[in-house]
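Please look over the sequence and the structure shown below before reading on. The briefing that follows takes up one topic at a time.

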Amino acid sequence: MKAFKKILSLLFIGAMITSLAACSNSSGSEKEESSSSDKSKENILSNYEQDNESLTIDNSAWKYDEKNDVYYQIGVQYSSKPETTDYETMAIYVPGAYMTATDNGDGTYTCKINKKGKVNGYTAETAPIVFPVNTAGYSAQKATTSYSYNGLSSYLDAGYIYVYAGLRGRNNGYDDSGNLTYSGGAPWGVTDLKAAVRYYRFNQSTLPGSTDHIFTFGHSGGGAQSALMGSTGDSELYYDYLTSIGAAMYDQNGEYISDAIYGAMAWCPVTSLDYANEAYEWNMGQYSNSDTRANDTWTSALSDDLAQEFASYINELGLKDEDGTVLNLKKTDNGIYASGTYYNYILSVIEESLNNFLSDTTFPYTETSGGSMGDGGFAGGGDGMPTGEMPEGGMPSGEMPKGGAPSGESGESTTYKTAQDYIDSLNSDEEWIKYDKNTNTAKITSIEAFVTHIKKATKDVAAFDDLNLKQAETMLFGNDESDALHFDSVLANLLKKNKDDYSKYSDWDSSVVSSYANDLKAMDKLGNSSEYRQNMYNPMYYLTDYYKGYKTSTVAPHWRIRTGIEQGDTALTVESNLALALENYEGVKDVDFTTVWGQGHTTAERTGESTDNFIKWVNETIESDN
């Protein structure tokens, strides 16, 4: 990581001087150019007068938790022109050993870095800096307003600097009269988080911690935004959004400040939304015939069409496995794409998950509900839970997997005396798992059998860009005029292309054609389209040459991805594709990916607690590079 900042600065300035195309995939459509792509460094610096005073931390404003030896500041404004300080401030928590303090006599302390202090082998110069992203469903992460030590101990005892940055979520903000007070949705959450990272680097000479070792971690929508922080480092697409809130773009010497990070931890990331609906139907929906997928509904036909579109996407995407084999999907005799190297790869991921479980588990084994959140989880934000509400419309329809709720969600516990007993319970209505008792290993007959028994669809068609604009993701791509908008261009094209076929069903509503088409034309307040914003919020846009954004960002070198294989929230293909793309991306040093058997949409881990495992991974990652 030598000369990390300077290299990134040169790379960015070069990118700003050249004209980068901004935002279409390989379909051949014209790409929108970033409004800042033709500016020289001199023009940028002259047009962007940075308020150094407001972006400089007040080192006389520290407070001290004597009992736990923690110096902290809350309400630190990380941009000079925030839209809402309810969200756009952050809290910084520092182990006391890293500070030398003078008591100001009024409950505050003036602090300087203590280079001699050590915690767990780290110093004020080498300590990792971790940013939690606690934004389930792409909800907001409300800024900290009061101090609590609850949940911080694991991170501070490990010697880390812990930074809890408030950030906007999927929803717009309104005053009591219904007037818009701040913009929500994409890309504002990640923009705010990037601004917080930049603020810390702007003040790195007076703040403890190694800004070369910044990590983000999150679950669900937070896992997605952690993955975005890892994949979008210094992306030009974010530039105008960052400057609009007065983020720290250049230091006092005119050097560009990077928002790239060192490592990203993502649990159950709900991401890659451009093909999320299609992936959901290919992985799960096409094997269902109930509710919106019942044979007498037009949405059942849409489900099949979306699944086929996903197959076309995979066949153009060009992902490769660890042996360099190009992964593809082929049509089988029943007319669906349930064959080919990609199909075999996903099946192998499922089998590996089951075999890991068999290897990890000591029988008798009791299936229990609940997640694996350790030591307060995403601490530092007061109550600890995301502030976003459940999207309107209640819980999605869809049947539960056979055998009840997956462990890690809800349901009664069951004890199995032996591995054979456990396998027999899964095979109770048909033998879809072949188990070898001698080797304690298993083979799965098909993805369809796995989905039928374990991963049944829990969302309607379309899973993310739903017809009634109630899913969180439609809110994510709303704008200042509309809180929620349709965003799936593939789905919109299917509606236009196949409307005559869909109209043969009695429940067909022709208004959806214009509804989707019109929403896709909507622009945000910076004049950018839904497609542009989706690219900003799609890790794959930066990681594969299918997209025009390939290699236009600084990608984190270290990744850890964990998912619960039973979750119905998103397709297994999402995390699998992300891991594959990262493994094939030049400059990524390691990708630790596992999907965990017996767990759902939680901070899934094969063994141990999520917090402990995350900390262990951070330590191992830094040690491996030293």
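Helix α5 (residues 221-231) lies across strands β8 (129-133), β12, β13 and β18 (558-564), with contact meaning heavy atoms within 4.5 Å. Helix α5 runs at about 155 degrees to β12, where axes are lines fitted to C-alpha atoms, for helices over the stretch in contact, and angles run from 0 to 180 degrees between N-to-C directions. Helices (H or I, at least four residues) and strands (E, at least two) are DSSP runs, numbered from the N terminus. This is a predicted model, in which local features need pLDDT of at least 70 and side-chain atom pairs count only at pLDDT 80 or more, while totals for chains, interfaces and linings use all residues. Residues are numbered from 1 along each chain as its sequence is written, and side-chain values use heavy atoms, with hydrogens and water left out.

**The sheet and its helices**

- Nine strands form an open sheet of mixed pairing, in the order β1-β2-β3-β9-β8-β12-β13-β18-β19, where two strands pair if DSSP finds at least two bridges between them.
- The edges are taken by β1 (63-65) and β19 (590-596), each of which has a single partner strand, so one side of each is left without a neighbour in the sheet.
- On average, neighbouring strands of this sheet are turned by 15 degrees against each other, direction ignored.
- Within the sheet, β12 (residues 214-219) and β13 (residues 263-267) pair in the parallel sense over five bridges, and Thr216 stands opposite Ala264 in β13.
- Helix α18 (residues 572-583) lies across β18 and β19, and its direction is at about 165 degrees to β19.

**The packing of α8 and α13**

- The axes of helix α8 (residues 298-317) and helix α13 (residues 489-497) come within 11 Å and cross at roughly 125 degrees.
- The two helices α8 and α13 are therefore oblique to each other, the class left over once angles under 35 degrees count as roughly parallel, over 145 as roughly antiparallel and 65 to 115 as roughly perpendicular.
- On the α8 side, Trp298, Leu302, Asp305, Leu306 and Glu309 meet Val490, Leu491, Leu494 and Leu495 in α13.

- Met536, in helix α16 (residues 530-536), is buried, with a relative accessible area of 0% (buried means under 20%, exposed over 50%, partly exposed in between, with a 1.4 Å probe and protein chains only).
- Leaving aside residues up to four places away in sequence, Met536 touches Pro187, Leu228, Thr232, Leu237, Tyr238, Tyr241 and Tyr542.
- The C-alpha atoms of Met536 and Leu237 are separated by 6.7 Å, although these residues are 299 residues apart along the chain.
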